[in-house]
Amino acid sequence: MREKKTHLYFDSEERKLLLHSLVELKNQLIKQGRYTDPVDELIFKVVNAPVKRMKIEYV
């Protein structure tokens, strides 16, 4: 059975906040002496994610 994929769309401010939070989480894990591989993968995915321009109309 195939894995279900989920697509998330963030604006620039939300993306900055997400990256900042992931880096803080990584720093906390390093202080605790735990593995940071899953967080590193997420940071890599967020940084290299394609930017999709969307037009938003307010009604």
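Visitor: Why is the pair K16 and E13 called a salt bridge?

Guide: The closest N and O atoms of K16 and E13 are 3.8 Å apart. A salt bridge needs a side-chain nitrogen of Lys or Arg within 4 Å of a carboxyl oxygen of Asp or Glu, so the pair qualifies. Bear in mind that this is a predicted model, where local features need pLDDT of at least 70, side-chain atom pairs count only at pLDDT 80 or more, and totals for chains, interfaces and linings use all residues. Residues are numbered from 1 along each chain as its sequence is written, and side-chain values use heavy atoms, leaving out hydrogens and water.

Visitor: Where do K16 and E13 lie?

Guide: Both are in helix α1, three residues apart, about one turn of the helix. Helices here are DSSP runs (H or I, at least four residues), numbered from the N terminus.

Visitor: What makes K26 and D40 a salt bridge?

Guide: Their closest N and O atoms are 2.9 Å apart, so they meet that rule too. K26 lies in helix α1 and D40 in helix α2, so the pair ties together parts 14 residues apart in sequence.

Visitor: Why is K26 called partly exposed?

Guide: Its relative accessibility is 26%. Buried means under 20% relative accessible area, exposed over 50%, and partly exposed in between (1.4 Å probe, protein chains only), so K26 is partly exposed. D40, at 27%, is partly exposed as well.

Visitor: Which residues does L22 touch?

Guide: L22 touches V39, L42, I43 and V46, not counting residues up to four places away in sequence; contact means heavy atoms within 4.5 Å.

Conventions:
Helix = DSSP H or I, 4+ residues; strand = E, 2+ residues; numbered from the N terminus.
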